[in-house]
Amino acid sequence: MTEPALPTPRRDLDDLSAYHSPQIDVSVRLNTNESPLPPPADFVDEWCRELTKVPLNRYPDRSAAELRSAIAQRLRVRPQQVFCANGSNEVLQTLLLTYGGAGREAVVFEPTYALHGHIARVTGTNVVAGDRRADFSVDTDAATALVAERRPAVIFLCSPNNPTGTVDPPELLAALADAAPDSLVVLDEAYGEFADRTMIDAVADDVPLVVVRTFSKVWSLAALRLGFCVAPAGVVAELDKVVLPYHLSVATQTAGLVALRYVAEMEARVSVLRRERDRTSVALGSIEGLEVYESGANFLLVRPDGDAHAVWERLLARGVLVRDFTRRPGLEGTLRITIGTPTENDALITALEAAIGEEAA
Ligand code: PMP
């Protein structure tokens, strides 16, 4: 029997494919940049206790006012400058629904977080890609020339950049803002807390800069889907018009509020992961036939000599799953390794040494 013909989706979606990062059950899972450490047990208890007090027959607070205030207080900005959503991906989507769309452009610097370009395309925004240098830094002169020429609606930066780990110098942002004063600069700081610098302090009501953050990584809450941005109050007011009403569930809002009572525990997790990143980077750096890029995030990009995809397969055979970017344009031959627990990192180091040894043999 032939399938009935289904209605045709938008033709401009033809070239898109669904986000793909395999969720394989292995003993050492280092492929999606999550925190390897669960949130504190007390956090979970407190969150569940708070949820028992909530009238579940009622919609959640549409403006997530309490959560916005708590985030604002922690970051020393105004609640009117904070917008929360289901993961930072929904923040990015809302920004693009509001500032992108048909007849508008977004500039990205590849290779970078694939969802910037993907969500832009889904919203009908034309994507213009500038290239990074061989060391994955953004060439300020080339970047300013590109944005001055295109005058895009949105300029994406990602610092630390996923998947390369590169941290942008603050001068880059200033130069881009000067070159394209009408563009909204969206700086994705999903990994900001793992780096030595953040640009949140540069956000002001008269500056077209948005800094995007997430609870998925440093707060160990990837399962709960909470992200936010700090932006000019005027931008936040526009985002509030576009996002669906009641989009942020009471479970998510409460999780964010309760998490913010555990700042010390979160900071301890970040310190452990930064230390582990530096230790793992040094250990991998001493493996012959492996290039390790400098990273300000909770992951490391590496490039083995020879057939990197075969190295990925040999790691998987040893129960270690990392992200295979070997065929992604601009990242050919690279693998991205999320920093895990000290035990997981030791397992990774041993497995990678063996996998590369087999390659050389
Ligand atoms: N931005 C970057 C750079 C990321 O790497 C990720 C997660 N992979 C996100 C945003 C999205 O994170 P979430 O939606 O979980 O907040």
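## Domain arrangement

The centres of domain 1 and domain 2, taken over C-alpha atoms, are separated by 26 Å. In this division of the protein chain, domain 1 comprises 21–39 + 264–360 and domain 2 comprises 41–261, with bounds that come from an automatic or database domain assignment. Each side supplies 29 residues to the contact (heavy atoms within 4.5 Å).

The model is predicted: local features need pLDDT of at least 70, side-chain atom pairs count only at pLDDT 80 or more, and totals for chains, interfaces and linings use all residues. Residues are numbered from 1 along each chain as its sequence is written, and side-chain values use heavy atoms, with hydrogens and water left out.

## Packing of α1 against α8

Helix α1 (residues 41–52) and helix α8 (residues 250–259) have axes that come within 9 Å and cross at roughly 135 degrees. Helices here are DSSP runs (H or I, at least four residues) and strands likewise (E, at least two), numbered from the N terminus.

On the α1 side, the contact is made by Phe-43, Glu-46, Trp-47, Glu-50 and Leu-51, and on the α8 side by Val-250, Ala-251, Thr-254, Ala-255, Val-258 and Ala-259.

In helix α2 (residues 65–75), the buried residues are Leu-67, Arg-68, Ala-70, Ile-71, Ala-72 and Leu-75 (under 20% relative accessible area, 1.4 Å probe, protein chains only). Their cover includes β2 (82–85), β8 (227–230), α7 (233–242) and α8. Just after α2, Arg-76 adopts a positive phi of about 55 degrees.

Key: Axes fitted to C-alpha atoms, helices over the stretch in contact; angles between N-to-C directions. Buried < 20%, exposed > 50% of the residue type's maximum accessible area, 1.4 Å probe, protein only.
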